[in-house]
Amino acid sequence: AVHDGVDILSLSVGPNSPPTNTKTTFLNPFDATLLAAVKAGVFVAQAAGNGGPFPKTLVSYSPWIASVAAAIDDRRYKNHLNLGNGKALAGLGLSLFLDKSVFFRAEVWNLWIIAASTHPNQTYTMVAANDVLLDSSATKFSPSDCQRPEVLNKKLVEGNILLCGYSFNFVVGTASIKKVSETAKALGAVGFVLAVENVSPGTKFDPVPVGIPGILITDVSKTMDLIDYYNVSTPRDWTGRVKSFKAIGSIGDGLMPILHKSAPEVALFSARGPNIRDFSFQDADLLKPDILAPGSLIWAAWSPNGTDEPNFVGEGFALISGTSMAAPHIAGIAALLKQKHPQWSPAAIKSALMTTSTKLDRAGRPLQAQQYSETEAMKLVPATPFDYGSGHVNPRAALDPGLIFDAGYEDYVGFLCTTPGIDIHEIKKYTNSSCNSTIGRPSNLNTPSITISHLVGTQTVTRTVTNVAEEETYVITARMHPSIAIETRPSAMTLRPGASRKFSVTLTTRSVTRSYCFGEITMKGSRGHKVTIPVVAMGHRR
């Protein structure tokens, strides 16, 4: 790609875990190769990873890479399975009409997406797969999974809604929702319900295109409501055989989105910091992820002849979630910046994206992150830079950032040379450069963030900003958690176009909290520019 002269690389790929064959995460095969790309002037956006919401799950480590976290946007598609007893079992859903009805289900906690509804103002008999077996021998095939149409009685299913169970077979991949859809369609069902009776933390539902109305009930309590209604409405003889099917229901269309002002939110699956510097998970003096971008329910083209995901074979589009969907957003925005500012370095582009990002949602409240609660249900908690980096990307503001924090290849080599535990011979092997660094310590790398993982007493770091706008005077302010004092010098500076100025940031441990503390530095310009960088530190005793 570098040889071909590309400007931007978007990587929805990375290592599965910290490398064991190098002494640092920063020289794993991905990052070492990408350093060469950045040296050639290529901007790199990389998915941060999908190991969230647990700490230290990032798989994108280095300062020359823009590591992208995933956000939930403001769209929610509410849908219902309406039962004959008047109950409506709620969920989230979406109807999509292209040249055919298609169904998608997203890789997001408690989220499902449905196709066209059953006929409006009409209810249908519901039949459970276990009650429509052709013979008792079919029980060996896990018939409730609805994977084998040949073991079910078409005469009993045709024209009705087929009820199926979401078992562990779906988790391990021996059963699929697409096959449920094919089974229901082959038997002439008007639609299907797939009900989850047990769910484990971290369960995600892969997106699946299907051809008939369908709904996935992921809330176990709603599944119990469905089972109770079905059992009460379905008379049986003394052997347990169904006498008649009297449970009725209908599937809604889920067409109308509900727009939530709480968006954006950090997605549950999005990998979290702190960043690590080696296989022993030692904390790095570098903030990751760098930035947050949309990564939930992203609708995009899909190669019909791809075979890595059987559920999508033959499909031209897919609706999926992950940091792999967030990274291309940043790559696209970076391309716009590169077009407007063709001389900008990859670091300048990354700086513009980070310093102009927002830490507020649509309602003006601090960003929140999806997290597990003690009861294993999802909850929202206040988000931190370990969730979102500098904040959620703001493309319009990034085009005109006012100031940038620039860095180049030699600066990154200096960062490597000052990182504890790295063998200088290993650095030479990967970079063909000697260690003649003048930055002193990793936290002095000129990044648009400051991280000190082991703050003992007082430490001062420096940053250099370059004016990419008209002459402007900036007032510098800082705030930090009370356990750490923060001071910036100078308190104001005036920069002419193209000029660069240094400023220092001094952090002092006031009290030891045994946890990370967060803050930020804000530079407000007289012409309206606002430049913000996050500050992260953990105070330790001497």
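Predicted model: local features only at pLDDT ≥ 70, side-chain atom pairs only at ≥ 80, totals over all residues.
Residues are numbered from 1 along each chain as its sequence is written, and side-chain values use heavy atoms, with hydrogens and water left out.

**The overall picture**

- The protein has eleven helices and 28 strands, which are DSSP runs numbered from the N terminus (helices: H or I, at least four residues; strands: E, at least two).
- Of its 542 residues, 55% count as buried (buried is under 20% relative accessible area, exposed is over 50% and partly exposed is in between, with a 1.4 Å probe and protein chains only).
- Take the contacts between residues at least 6 apart in sequence: 70% of them join residues at least 24 apart (contact means heavy atoms within 4.5 Å).

**Where α1 meets α10**

- Helix α1 (residues 29-39) packs against helix α10 (residues 409-418) at an angle of about 150 degrees, with the axes 9 Å apart (axes are lines fitted to C-alpha atoms, for helices over the stretch in contact, and angles run from 0 to 180 degrees between N-to-C directions).
- That makes the two helices roughly antiparallel (the label for angles over 145 degrees; under 35 is roughly parallel, 65 to 115 roughly perpendicular and the rest oblique).
- On the α1 side, the contact uses Leu35, Val38 and Lys39, while α10 brings Tyr409, Tyr412 and Leu416.
- Sorted by class, that contact has five nonpolar, no polar and one charged residues (Ala, Val, Leu, Ile, Met, Phe, Trp, Tyr, Cys and Pro count as nonpolar, Asp, Glu, Lys and Arg as charged, and the others, Gly among them, as polar).

**Aromatic pairs**

- Searching the whole structure turns up seven aromatic pairs (rings of Phe, Tyr and Trp, using its six-membered ring, pair if their centres lie within 6.5 Å; planes under 30 degrees apart are stacked, over 60 edge-to-face and the rest tilted).
- One of them joins phenylalanine 54 and tyrosine 372: the ring centres are 5.9 Å apart and the planes are at 40 degrees, so the pair is tilted.
- Phenylalanine 54 is in the loop between β2 (43-47) and β3 (66-72) and tyrosine 372 is in strand β18 (residues 368-372), so their pairing ties together parts 318 residues apart in sequence.
- Phenylalanine 54 is partly exposed at 44% relative accessibility, whereas tyrosine 372 is buried at 12%.
- Phenylalanine 405 and phenylalanine 503 pair edge-to-face, 6.4 Å centre to centre with 75 degrees between the planes.
- Since phenylalanine 405 lies in the loop between β20 (403-404) and α10, and phenylalanine 503 in strand β26 (residues 500-509), this pair ties together parts 98 residues apart in sequence.
- Elsewhere, ring pairs link Phe386, Tyr516 and Phe518 into a cluster.

**Two loop residues**

- Proline 420 is in the loop between α10 and α11 (424-431) and is partly exposed at 44% relative accessibility.
- Leaving aside residues up to four places away in sequence, proline 420 touches Arg277 and Pro442.
- Proline 420 and arginine 277 are 143 residues apart in sequence but 8.5 Å apart in space, C-alpha to C-alpha.
- Arginine 148 is in the loop between β8 (124-128) and α2 (154-157) and is partly exposed at 37% relative accessibility.
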